[in-house]
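Morning, everyone. Let me put the model on the screen and walk you through it.

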Amino acid sequence: MSFLAWPYWGMFASGLLLTLQVSALAYAGALVLGVIGVMCRASRILPLRWMGAAYVESIRNVPSLALVFIAVFGLPQIGLTMPLITSVVVMLAIYEGAFACEALRSGINCVPVGSAEAARALGFGNRETLFYVVLPQAARSVVQPLTNVFIKTVINSSLIAIVGLPDLTGIAERINIREAEPMLFFGVGLAYVAIALLGGLLGGYIDRKARFSR
């Protein structure tokens, strides 16, 4: 059988599409949660700082696979039911959001204190200072760390195969059961590497643009 005549190209393409969809949605959610988390950690309100710290420290020390199992098998036991793909996307976003929060916090720590002080002197409140002065400056220095979060999100998306979703890894498992082609997992690994490389290249390009615009 020739390479182009392989009958599973359609399944492979659908698995790749699902992997990209889950990764993109989870990463977008992680960025939102990261911004919320860093706002809590930078807040002057002590309970909010505690909440932000508790979120980051607790989630980062829980295996991502455990969170997926909680979302898929645990939450329905207490009456919280969601579509399967929604459950895994939400849990991946929560998990990666903790790392995005820390990446953004490292960027905030790099912003000169004088910038915030100048904004407050001009009449900006704490929220306006954070949104319009601190975060835009911090974002320029955290492109690469956030790119690493994206790559990790793509890699962790392979966990959804365990709960039966037909992503790249799930499709490879199904084809291997039918055709006994374990080398297919090598091709799947290359696909993940390609996605990570493209994400890294895009992140590097954005990082260079951001540094040039300073």
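One definition first: buried means under 20% relative accessible area, exposed means over 50%, and partly exposed is in between, with a 1.4 Å probe and protein chains only. This is a predicted model, so local features need pLDDT of at least 70 and side-chain atom pairs count only at pLDDT 80 or more, while totals for chains, interfaces and linings use all residues. Residues are numbered from 1 along each chain as its sequence is written, and side-chain values use heavy atoms, with hydrogens and water left out.

Start with Ser 23. Is it buried or exposed? Ser 23 has 2% relative accessibility, so it counts as buried. It sits in helix α1, residues 9-41. Helices here are DSSP runs of H or I with at least four residues, strands are runs of E with at least two, and both are numbered from the N terminus.

What does the side chain of Ser 23 do? One of its polar atoms lies 2.7 Å from the backbone oxygen of Thr 19. For contacts, the rule is heavy atoms within 4.5 Å. Setting aside neighbours within four places in sequence, Ser 23 contacts Thr 153, Val 154 and Ser 157.

Stay in α1 for Leu 16. At 28% relative accessibility, Leu 16 counts as partly exposed. Beyond four places in sequence, its contacts are Leu 168 and Ile 195. Ile 195 is 179 residues away along the chain, yet the two C-alpha atoms are separated by 9.9 Å.

Now zoom out to the whole chain. How many helices and strands are there? The chain has nine helices and zero strands. The C-alpha trace spans about 70 × 45 × 25 Å along its principal axes. Of the 214 residues, 40% are buried. Take contacts between residues at least 6 apart in sequence: 74% of them join residues at least 24 apart.

And the surface? The chain exposes about 11800 Å², and carbon and sulfur atoms supply 70% of that. Those areas come from the Shrake-Rupley method with a 1.4 Å probe, and for residues only the protein chains shown count as cover.

Next, helix α4, residues 84-110. The expected span of a helix is 1.5 Å times one less than its number of residues. With 27 residues, α4 should span 39 Å; its end C-alpha atoms are 40 Å apart, which agrees. There is still a kink of about 30 degrees, centred on Gly 97. A bend at a residue is the angle between axes fitted to the seven residues ending there and the seven starting there.

Which side chain does it meet in a polar contact? The partner is the side chain of Asn 156, at 2.7 Å. A polar contact is a pair of N or O atoms within 3.5 Å; within protein, one must be able to donate a hydrogen and the other to accept it, and residues adjacent in sequence count only if both atoms are side-chain atoms. Not counting residues up to four places away, Glu 96 touches Ala 30, Val 149, Lys 152, Thr 153 and Asn 156.

Pick up Val 149 from that list. It belongs to helix α7, residues 143-156. Val 149 is at 5% relative accessibility, so it counts as buried. Outside four places in sequence, Val 149 touches Tyr 27, Glu 96, Phe 99 and Ala 100.

On to α6, residues 126-141. Its 16 residues should span 22 Å, and the end C-alpha atoms are 21 Å apart, which agrees. Where is the kink in α6? A kink of about 40 degrees lies at Val 134, shortly before the proline Pro 136. Val 134 is also among the buried residues of α6, with Thr 129, Leu 130, Val 133, Leu 135 and Ala 138. What covers these residues includes α1, α4 and α5.

Last stop, aromatics. Rings of Phe, Tyr and Trp (its six-membered ring) pair if their centres lie within 6.5 Å; planes under 30 degrees apart count as stacked, over 60 as edge-to-face and the rest as tilted. By that rule there are three aromatic pairs. One of them is Phe 69 with Phe 73, a tilted pair, 5.7 Å centre to centre and 40 degrees between the planes. They are separated by about one helical turn, because they are four residues apart in helix α3, residues 64-74. Phe 69, at 34% relative accessibility, counts as partly exposed. Phe 73 is also partly exposed, at 48%.

That's the tour. Questions, please.
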